[in-house]
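Here is a short briefing to read with the model open beside you.

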Amino acid sequence: MNTLEAISRFVVPLTVVYATDEQLRFAGRIHSECFVLWSGVQEGDKFLVRNVHVPKQTAYRFPDGLCVRVEGDELHRLNLWLYEHGEQLGVQVHSHPTEAYHSETDDTYPIVTVRGGLSLVVPDFAREGLLGGGVASYRLGFSGWDELSLDDVNRMIHFGE
């Protein structure tokens, strides 16, 4: 598997954004977080997002917060699909009930584990969606998840066709 460290631009079609927002909001209506994954291909220094994946997941509510879990057999199924279609995971997106940030659980148990991959956390169960305010964006580096500035996000992620 290639790392995504050389990627300087993630190109995300609006259809992917809308499908992701729909999934996050659907889960949010029942006060659950949700994980959505984006796969695609590398072309030079660009990562072209092609597909949205909503893995089978179980939502949990604890006294100190919410989380979701994706089981190993579902990850295996997804990895087979990626292999068969010549794609790789590049971005994970999930929702939080209030503000967006990377929790200790987010840091410790990511699904996207390739250096250079992105993790986007959408606040308020995606009420305003990925293109709304308050989305927290992170990139996986050698020492873990590094938060991206708004300028970095605007340079690195292109939402549109």
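## The chain as a whole

Of the 161 residues in the protein chain, 47% count as buried, where buried means under 20% relative accessible area, exposed over 50% and partly exposed in between (1.4 Å probe, protein chains only). Please keep in mind that this is a predicted model, in which local features need pLDDT of at least 70 and side-chain atom pairs count only at pLDDT 80 or more, while totals for chains, interfaces and linings use all residues. Residues are numbered from 1 along each chain as its sequence is written, and side-chain values use heavy atoms, with hydrogens and water left out.

**Overall build**

- The secondary structure of the protein chain comes to four helices and ten strands; helices (H or I, at least four residues) and strands (E, at least two) are DSSP runs, numbered from the N terminus.
- Along the sequence, these elements follow the pattern β-α-β-β-β-β-α-β-α-β-β-β-α-β.
- The chain is as compact as a globular protein of its length, because its radius of gyration is 15 Å, close to the 15 Å that the globule rule gives for 161 residues. The radius is taken over C-alpha atoms, and the rule is 2.2 Å times the number of residues to the power 0.38.
- The C-alpha trace spans about 45 × 35 × 35 Å along its principal axes.
- Among contacts between residues at least 6 apart in sequence, 65% join residues at least 24 apart; contact means heavy atoms within 4.5 Å.

- Eight strands form an open sheet of mixed pairing, in the order 9-8-7-6-2-3-1-10. Two strands pair if DSSP finds at least two bridges between them.
- Strand 9 (144-147) and strand 10 (157-159) stand at the edges with a single partner strand each, so one side of each is left without a neighbour in the sheet.
- From one strand to the next, the twist averages 30 degrees. Angles run from 0 to 180 degrees between N-to-C directions, and axes are lines fitted to C-alpha atoms, for helices over the stretch in contact.
- Strand 7 (residues 118-122) and strand 8 (residues 136-141) run antiparallel and are joined by four bridges; Val 121 has Ala 136 in strand 8 as its bridge partner.
- Strand 8 also pairs with strand 9 in the antiparallel sense over four bridges. A hairpin of two residues joins strand 8 to strand 9, and Leu 140 has Trp 145 in strand 9 as its bridge partner.

**Helices on the sheet**

- Helix 1 (residues 14-28) lies across several strands, including strand 1 (9-12) and strand 2 (35-43), and runs at about 165 degrees to strand 2.
- Helix 2 (residues 72-85) packs on the sheet and touches strand 2, strand 3 and strand 6. The direction of helix 2 makes about 130 degrees with that of strand 3.

**His 102**

- His 102 sits in the loop between strand 6 and helix 3 (104-108), and is buried, with a relative accessible area of 11%.
- The side chain of His 102 makes a polar contact of 2.6 Å with that of Asp 107 and a polar contact of 2.8 Å with that of Ser 119. A polar contact is a pair of N or O atoms within 3.5 Å; within protein, one must be able to donate a hydrogen and the other to accept it, and residues adjacent in sequence count only if both atoms are side-chain atoms.
- Leaving aside neighbours within four places in sequence, the contacts of His 102 include Gln 92, Tyr 138 and Trp 145.

**Pro 123**

- Pro 123 lies in the loop between strand 7 and strand 8 and counts as buried at 9% relative accessibility.
- Not counting residues up to four places away in sequence, Pro 123 touches residues among them His 96, Glu 99 and Gly 133.
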